[in-house]
Structures are given as C-alpha cells and as structure tokens.
Amino acid sequence: MSESPIDKLRRFIDKSDAIVVFTGAGISTESGISDYRSQGGVWERFQPVTIREFIADAGKRRLYWQRKLALYEQNKDAGPNPGHLAVVELERRGKLLGLITQNIDGLHQQAGTSPDKILEIHGTNQEVICLSCQEIWPWEHAYERLIKGEEAPVCEKCGGLLKPNTISFGQSLNAAVLNRSFALAEECDFMLVLGSSLVVEPAASIPRVAKQGNSGAWLAIITQSATPLDGLADLKIAASIGETLSAALVAPS
Ligand SMILES: [Zn+2]
C-alpha cells in the first residue's frame with residue numbers, strides 16, 4: 001500500500017530533530033485574518049504608502065495610520081488556530097529549530113511558540129518604532145494615542161516619527177534577521193512551509209536553500225495555492241494547515 005500524504009508528513013516529522021517552519025499569510029487566514037494579497041484584500045482596495053511617502057508626506061502618514069487602525073479593529077479578536085498550535089507542539093517535542101514567518105500579526109507568540117525561536121522577516125504589528133532614535137514600544141502605546149484622536153503619533157523622547165515595526169514598501173528587510181533565516185535553512189533537516197505562496201523574494205529562497213544547500217533537508221509545502229517550489233518539494237499538500245498538521249501529529253489509527 002502506498003504511503004498517504006499525511007503518513008509521509010508524519011514520517012518526516014518523526015524522523016527529524018531540527019525542523020524549521022516557514023509560515024505565510026495562509027496560516028493566519030485560518031484564524032480569520034484576511035490575506036492582504038488576495039482578491040478584495042487590502043492591497044486591492046488601497047494604494048500602499050511607501051516608506052519614502054510616510055516620511056515626507058503628512059497626509060500619507062495620516063492615511064497609513066487610519067488603515068492600520070482599521071485593520072487592527074478588524075483583526076483584534078483573531079486568535080491562534082490549530083496550525084499555530086501544531087508548531088507549538090513541534091517545539092514541545094524538542095524538534096523545532098526555528099520558525100521563520102512572513103506574518104506580522106504576532107499569532108505564533110500568542111499561541112505559545114518561544115519568542116527566541118521566531119524570526120519575523122517582515123517585522124511585527126505588535127510594536128511601534130521611532131524612525132529617528134529607534135526606540136521600540138508596544139503597539140498599545142500608539143493605539144491609545146490614535147483612539148484619542150492623534151492622527152500620526154510622534155516619539156515622546158525625541159519627536160521623531162513613530163511607525164509600526166513592520167517592513168514597509170520600499171524598506172529593505174532586516175539583514176540580521178534574513179541572515180539568521182538562511183543559516184537556519186542550512187542547519188535544518190526538515191523545512192516545513194505553511195501557507196506561503198513563496199513568491200516574495202528574497203524570503204522565498206529560504207526553503208530552496210534548505211532543500212538544495214548543504215543540509216539537503218526534506219521540504220514539505222502545505223499551501224492552498226501553487227508555489228514555484230512545488231516541483232522541488234518532497235511533499236505538497238493543498239489543504240487546511242490546521243487539519244493536516246493535527247492529523248499528522250497523532251499516531252495513525
Ligand atoms: Zn525617538
């Protein structure tokens with residue numbers, strides 16, 4: 001009898017002890033957070049504000065914060081789902097080398113994955129940063145001022161512009177975070193991609209390095225859409241992340 005995709009996934013998990021999980025928007029859509037790239041997503045409705053515009057144009061800055069606030073109100077009740085909890089279970093079993101995420105929603109931390117295992121390559125909405133002195137505060141620091149009517153909060157220490165600590169359009173990725181991500185790809189024995197269409201570079205190269213680099217890791221992709229690495233992967237499953245991983249994490253009946 002041939003091995004089912006779930007059995008194969010279970011075998012990869014059981015035989016690995018240095019798993020790197022790579023997550024994208026698809027794991028958060030299972031929590032009800034809309035994929036901002038999909039049809040009707042935020043990017044279709046709004047022209048993005050680039051980092052250059054944010055710094056130079058007070059009107060664009062106000063617009064940016066209005067959208068952030070609207071998105072926050074829309075998503076604030078969303079919590080981790082079985083997909084996020086499956087990653088926590090991998091750590092509990094001592095198998096999680098690291099978690100690389102394109103998501104900025106903080107749901108992996110909320111689920112219980114150790115913060116020191118998590119690399120947020122696109123930054124996080126859970127913090128705001130001063131673009132001048134680099135001081136970082138929790139999101140609530142800006143939120144409380146926004147709901148009181150401030151349109152674009154500034155730093156209390158230096159008067160610089162505050163911005164959510166995410167990578168905006170036109171802003172380069174954090175080199176240290178990216179380097180660490182590629183290092184993890186070289187060290188892992190199993191790269192598990194969850195809910196990423198793997199089209200945004202250079203992040204999409206990370207799973208390729210795991211498969212084709214020195215580690216020669218297994219590569220499994222659980223993503224509803226087709227990805228450029230499907231042909232390279234040892235396993236591709238186009239189904240619910242939560243359901244698939246929940247099934248793979250229990251012993252076969
Ligand atoms: Zn400052």
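Analyst: Before we start, contact here means heavy atoms within 4.5 Å. The model is predicted, so local features need pLDDT of at least 70 and side-chain atom pairs 80 or more, while totals for chains, interfaces and linings use all residues. Residues are numbered from 1 along each chain as its sequence is written, and side-chain values use heavy atoms, without hydrogens or water.

User: Which elements cover the buried residues of α11?

Analyst: Helices (H or I, at least four residues) and strands (E, at least two) are DSSP runs numbered from the N terminus. The cover includes strands β7 (190-194), β8 (218-222) and β9 (235-237). Helices are in it too, including α1 (5-15), α2 (25-29) and α6 (82-92).

User: Within what arc do the buried residues of α11 fall?

Analyst: In α11 (residues 241-248), I241, G242, T244, L245 and A248 are buried (under 20% relative accessible area, 1.4 Å probe, protein chains only). They line one face of the helix, because, viewed down the axis (directions from axis to C-beta atoms), they fall within an arc of 165°.

User: How are α9 and α10 oriented to each other?

Analyst: L178, S181, F182, A185 and E186 of α9 meet S205, I206, V209 and A210 of α10. The axes (lines fitted to C-alpha atoms over the stretch in contact, angles 0 to 180 degrees between N-to-C directions) lie 7 Å apart at about 30°. With under 35 degrees counting as roughly parallel, α9 and α10 are therefore roughly parallel.

User: And how do α5 and α8 sit relative to each other?

Analyst: The axes of α5 (residues 58-75) and α8 (residues 139-147) come within 11 Å, crossing at roughly 105°. W65, L69, Y72 and E73 of α5 make the contact with W139, A142, Y143, L146 and I147 of α8. Since 65 to 115 degrees is the range that counts, the pair is roughly perpendicular.

Definitions and conventions
Buried < 20%, exposed > 50% of the residue type's maximum accessible area, 1.4 Å probe, protein only. Parallel < 35°, antiparallel > 145°, perpendicular 65-115°, else oblique.
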